[in-house]
Amino acid sequence: SKVSINFSKSPCGRHQGKGRIFEIISTGNLLLEQVNPITPHYFTPNEDYLEFSSIEDIINKIDKVLTDNELRRKIAKSGYNKYRAKYNNKIFWQIVLDRLK
């Protein structure tokens with residue numbers, strides 16, 4: 001796919017930092033995610049992925065990135081490069097294991 005969407009809220013309405021963000025970005029796809037205070041700890045909004053805040057916003061951003069291939073590829077590549085440098089599978093699992101200690 002060209003764009004993958006992540007809805008970050010749990011059923012109780014709280015934002016979650018889901019592993020899905022890493023899965024999407026690691027494939028080289030553009031992540032389009034609901035504004036979430038957790039994801040910016042790992043990736044930079046509008047540089048490594050795009051955020052949306054409403055139905056109108058998500059529709060506009062989908063239209064934009066599906067018509068502007070260069071923009072979509074640039075953002076997706078930035079996220080992918082950051083993932084490879086800071087959160088690849090080896091680094092990611094080491095972080096998880098360190099936090100479990």
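Predicted model: local features only at pLDDT ≥ 70, side-chain atom pairs only at ≥ 80, totals over all residues.
**Exercise 1. Helix α2**

Which residues are exposed on the other side of α2?

*Solution.* Residues are numbered from 1 along each chain as its sequence is written, and side-chain values use heavy atoms, with hydrogens and water left out.

Step 1. Helices (H or I, at least four residues) and strands (E, at least two) are DSSP runs, numbered from the N terminus. Buried means under 20% relative accessible area, exposed over 50%, and partly exposed in between, with a 1.4 Å probe and protein chains only.

Step 2. Check the length. α2 has 13 residues. From first C-alpha to last, α2 reaches 19 Å, close to the 18 Å expected at 1.5 Å a residue. The expected span is 1.5 Å times one less than the number of residues.

Step 3. Find the buried residues. In α2 these are D57, I58 and V65. They cover an arc of only 95° around the axis, so they sit on the same side of α2. The arc is that of the directions from the helix axis to the C-beta atoms.

Step 4. Turn to the other side of α2. There I55, E56 and T67 are exposed.

Step 5. Name the cover. β1, β2, β3 and α3 are among the elements over the buried residues of α2. Contact here means heavy atoms within 4.5 Å.

**Exercise 2. I58 in detail**

Is I58 buried or exposed?

Step 1. Read its accessibility. The relative accessible area is 8%, so I58 is buried.

Step 2. List the contacts. Leaving out residues up to four places away in sequence, I58 touches I5, L32 and F52.

Step 3. Take a distance. I58 and N81 lie 23 residues apart in sequence, and their C-alpha atoms are 24 Å apart in space.

**Exercise 3. Helix α3**

Which residues of α3 are buried? Check the span of the helix too.

*Solution.* Step 1. Helix α3 covers residues 69-86, which is 18 residues. At 1.5 Å a residue these should span 26 Å. The end C-alpha atoms are 26 Å apart, which agrees.

Step 1. List the buried residues of α3: R72, I75, A76, G79, K82 and Y83. Seen down the axis, they fall within an arc of 125°, so they line one face of the helix.

Step 2. Look at the other side of α3. E70, R73, K74, K77 and A85 are exposed there.

Step 3. Name the cover. It includes β1 (3-6), α1 (20-26), β2 (30-34), β3 (50-52), α2 (55-67) and α4 (89-100).

**Exercise 4. α2 against α3**

At what angle do α2 and α3 pack? Describe the contact.

*Solution.* Step 1. Take the geometry. The angle is about 100°, and the axes of α2 and α3 are 5 Å apart. α2 is therefore roughly perpendicular to α3. Axes are lines fitted to C-alpha atoms, for helices over the stretch in contact, and angles run from 0 to 180 degrees between N-to-C directions. Angles under 35 degrees count as roughly parallel, over 145 as roughly antiparallel, 65 to 115 as roughly perpendicular and the rest as oblique.

Step 1. Name the partners. From α2 come K64, V65, L66 and T67; from α3 come N69, L71 and R72.

Step 2. Sort by class. The α2 to α3 contact has three nonpolar, two polar and two charged residues. Ala, Val, Leu, Ile, Met, Phe, Trp, Tyr, Cys and Pro count as nonpolar, Asp, Glu, Lys and Arg as charged, and the others, Gly among them, as polar.

**Exercise 5. Y83 and N89**

What does Y83 touch? Compare the accessibility of Y83 and N89.

*Solution.* Step 1. Y83 is in helix α3, and N89 is in helix α4.

Step 1. Read the accessibility. Y83 counts as buried at 11%. N89 is exposed at 53%.

Step 2. List the contacts. Beyond four places in sequence, Y83 touches F22, I25, S26, F43, N88 and N89.
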